[in-house]
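Biologist: I'm new to reading folds. Could you walk me through this one, step by step?

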Amino acid sequence: SELGLNVKWNQQAKTVTGENEDLTVELTLNNNLAKVNGEDIEMSVNPQLVHNHTFVPLRFVGESTGANVEWDASTKTISITSPQPKVNDEELILELFDQYEDYYNEENLQIVSLFEEQFIEDWGMESQFEWNFENYNDHIEMRDLEILSIEDNEVYVYVVEIYERVDGSFYLDEMYEQIYSLVKSKNDRWLINDIEFVSFDYYNLEELKNSNVDFPEKDEKKVLATFQKYLDSIKEENLAKLKSTLHEEYIDLLGLEWFEEYYDGFLFNNYDYTFVQIEESSVVNIYEDEVTLFIKYNTISTNENHGGVEVEMDESFIKFKKSKNGQWKILQIESIY
């Protein structure tokens, strides 16, 4: 049993069997043929029954498990040393990413334990995960994991990460390609010590565009009227009118200074819009007092620096929220082109 074998006795056949996942040793009383994983092997000593106890050859059983059996005649001591199980680095690496998925999806801050200490400190990983778990309810799936290289103490792993929103306020699902650098700690654990960004894209876009969630038609018209007013204000270069279409939370997020500098200082000074028009729209999500629309719209503008005409088709997910006076106003603009 101490050698890691589950021991069974068969009274009728007078056999004792020790087994684990990889090994089965079967011995029979007064018989020098043992079976090891089904193969007959001759022993120098037979198993015997002494005072109703079954005794088996210790060296044979010990060595069958891969252990080293030694006899010290001076102290009359038998020592059995089992080999240390070989650490399978690939399995440990896969296990780390399985844990990453589980911790993330459980919103468990134990996820930080998968990172090397200096990386946690340099990048503020704990506060990042705390903020993410508090503000988002999404699900991660890691796909196409490939170990690119594995050295004694360093590994590079390519991973595709899919982040899908579960519920709550609307945001787009995302897909990242990343290369993780892992280092081996003193206790032979692999830990993440760097992440290299490879590429980013939105995920599931076509399905989102065609969601067509039920929403009162009169409210949808009001929402679209707000966005058309936003487009018109850009065409008219009317900052006050544009500001009236944005929710106060959006302006607070952007910062009033940035808002004025971008629209009045950059956009209106560099582009002269001659045409703005909504071409297509659909409601894709409703959450409490928020509604998100997929909107496709055309713009024609002249670049005032070089006079070139730019014709653009913009595809955006626009989130609207009711303001204090009950009007639908723009809370977020996510352009995907």
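Modeller: Strands (E, at least two residues) and helices (H or I, at least four) are DSSP runs, numbered from the N terminus. Two strands pair if DSSP finds at least two bridges between them. This is a predicted model, where local features need pLDDT of at least 70, side-chain atom pairs count only at pLDDT 80 or more, and totals for chains, interfaces and linings use all residues. Residues are numbered from 1 along each chain as its sequence is written, and side-chain values use heavy atoms, leaving out hydrogens and water.

Biologist: What is the order of the four strands in the open sheet?

Modeller: The order is β10-β11-β12-β13, with antiparallel pairing. At the edges sit β10 (138–150) and β13 (190–202), each pairing on one side only.

Biologist: How many bridges join β10 and β11?

Modeller: There are 10, with β11 covering residues 154–165. For instance, E146 has Y158 in β11 as its bridge partner.

Biologist: Where is E220, and is E220 buried or exposed?

Modeller: Buried means under 20% relative accessible area, exposed over 50%, partly exposed in between (1.4 Å probe, protein chains only). E220 lies in helix α6 (residues 217–236), and E220 is buried.

Biologist: Which residues does E220 touch?

Modeller: Contact means heavy atoms within 4.5 Å. Leaving aside residues up to four places away in sequence, E220 touches F215, S281, V283 and L293.

Biologist: And which strands pair over 14 bridges?

Modeller: Those are β14 (residues 271–287) and β15 (residues 290–303), in the antiparallel sense. Y271 has N303 in β15 as its bridge partner.

Definitions and conventions: Lys and Arg count as positive and Asp and Glu as negative; His and the chain ends are not counted. A salt bridge is a side-chain nitrogen of Lys or Arg within 4 Å of a carboxyl oxygen of Asp or Glu.
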